[in-house]
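Please read this report beside the sequence and the model. It is written for someone who has not seen the structure before.

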Amino acid sequence: MLDVRSIRARFPALARIGDDGRPSVLADAPGGSQVPTAVIEAVAGHYRGGMSNTHGAFATSQETDAVIAEARRAAADLTGAESDEIVFGPNATTLLFHLSRSFAKTLAPGDEVVVTRLDHDANVRPWVLAAADAGASIRWVDVREDDVTLDTTSFEAALSPRTKLVAFTLASNAVGTIPPAADLVQRAKEVGAVVAVDGVHLAQHRLLDLHGLGADLLACSPYKFFGPHLGIVAARRDLLRSLTPYKLVPASDEVPERWETGTQNHEGLAGLVAAVEYLAGVAGTAGSARRERLTTSYHAIAAHERTLADRFLEGIGELRTVRLWGIADRGRLDERTPTFAIRVGNEHPAETAKRLAERGIFVWDGDYYAREIMTRLGLFETGGAVRVGFCHYHTREEVDRVLEALADL
């Protein structure tokens, strides 16, 4: 079990007090988590120690090289990849556009690319545009309307011997659905496709595993798992070597550096290391390898978050004027994250979010860049939905505050 009180003490932002004298409930975690003091200090410490670029003969440059190397090891431990399979960039979207542009050169008319309506647009549009550039076709995977899960029959129908790439999310940032990723990867591999998975939302809630999953490319963003604003792609070494990047002539030709355009955010990488170390210590374990400690921590995180999701689903079921989109069955908590898409009566989501903010509860409204699913559910044209999102630093009392506020509305 997690010591949530001790965990919360590490996050300065969670002590924020609202106008009513009570701590604010930062239930906007799916849009970006708060960061612990250790991450703040790591970023500031890199600034204090001296800012230098890479591969110099002097101390501050060598220290930057060491930060990058340790950041690759930390990211590899978090994603289940090897350190030379880690590519850094400003955000996951930019990295996916970068890679998809090169992947487009491997496509031809008649080839097919499979994307889903459950995904954030960052794992849809780069591949759609790559296919368009090459004259390839797009096949769409639909969702089930009753519980907003991926329609596996539609997935099967989208695959063919012409499928060159399959892109899907490991967890929906809009409704929290966790698809059966291992099964989907296996089927995609049976037709010989490259598999690109979006782990941005899942990384806050479950440990990622590129090689264990069997995928070729996995994207995530540290600012979603208690770190700085960065992007990470973990990709199989052979894929990174086989594609030709768009790069400057003086830039390295080695993998993974040749995929990193320009000077990286070195202070952010120092913060990334601190974020991964924080996660590895969440459950209080010590003395074992970092990947093992991360595994233990994420088991504890998932267990705590199940209690939060269970309480929210129980409470929301008692509010007749609040509608939920997504898995509502409390017996299926392993199939979702504690991220919920709701509407209160006929009220516009923006108005609901505003009224919750007046009560010290911070939530998002709109489509959160999950445009396809909001359109598919018929919500986009009328403002999308209200997204309430919890993570391991939230408490049952905060869940109850959100439920009480929704009841008041």
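This is a predicted model: local features need pLDDT of at least 70, side-chain atom pairs count only at pLDDT 80 or more; totals for chains, interfaces and linings use all residues.

Residues are numbered from 1 along each chain as its sequence is written, and side-chain values use heavy atoms, with hydrogens and water left out.

**Helix packing**

Two packed helices are described by the angle between their axes and the distance between the axes. Helices (H or I, at least four residues) and strands (E, at least two) are DSSP runs numbered from the N terminus. Axes are lines fitted to C-alpha atoms, for helices over the stretch in contact, and angles run from 0 to 180 degrees between N-to-C directions.

Helix 3 (residues 59-79) and helix 11 (residues 290-316) have axes that come within 9 Å and cross at roughly 45°. The two helices, helix 3 and helix 11, are therefore oblique to each other; angles under 35 degrees count as roughly parallel, over 145 as roughly antiparallel, 65 to 115 as roughly perpendicular and the rest as oblique. The crossing of helix 3 with helix 11 is right-handed, meaning that the near helix is turned clockwise from the far one by less than a right angle. On the helix 3 side the contact (heavy atoms within 4.5 Å) is made by Glu-70, Arg-73, Ala-74, Asp-77, Leu-78 and Thr-79, and on the helix 11 side by Arg-290, Arg-291, Leu-294 and Tyr-298. By class, this contact of helix 3 with helix 11 has four nonpolar, one polar and five charged residues. Here Ala, Val, Leu, Ile, Met, Phe, Trp, Tyr, Cys and Pro count as nonpolar, Asp, Glu, Lys and Arg as charged, and the others, Gly among them, as polar.

Helix 2 (residues 37-49) and helix 10 (residues 266-280) pack at an angle of about 145°, with axes 8 Å apart. Their crossing, of helix 2 and helix 10, is right-handed. Ala-38, Val-39, Ala-42, Val-43, His-46 and Tyr-47 of helix 2 meet His-266, Glu-267, Ala-270, Gly-271, Ala-274 and Ala-275 of helix 10. The contact of helix 2 with helix 10 has eight nonpolar, three polar and one charged residues by class.

**Accessibility of single residues**

Buried means under 20% relative accessible area, exposed over 50%, and partly exposed in between (1.4 Å probe, protein chains only).

| Residue | Relative accessibility | Class |
|---|---|---|
| Ala-130 | 4% | buried |
| Cys-220 | 0% | buried |
| Cys-391 | 0% | buried |
| Val-148 | 1% | buried |
| Tyr-369 | 61% | exposed |

Ala-130 belongs to helix 5 (residues 125-134). Leaving aside residues up to four places away in sequence, Ala-130 touches Ser-100, Ala-104 and Leu-107.

**Cysteines**

A disulfide is a pair of cysteine sulfur atoms within 2.5 Å, and by this rule the count comes to zero. The cysteine sulfur closest to that of Cys-220 is in Cys-391, 16 Å away, which is too far for a bond.

**Backbone**

Most residues other than glycine have a negative phi, and most peptide bonds are trans. Val-148, although not a glycine, has a positive phi of about 50°, and sits in the loop between strand 5 (143-144) and strand 6 (149-150). Tyr-369 also has a positive phi, of about 65°, in the loop between strand 14 (364-366) and helix 13 (371-376). The peptide bond from Val-255 to Pro-256 is cis, with omega near 5°. Pro-256 is found in the loop between helix 9 (237-242) and helix 10.
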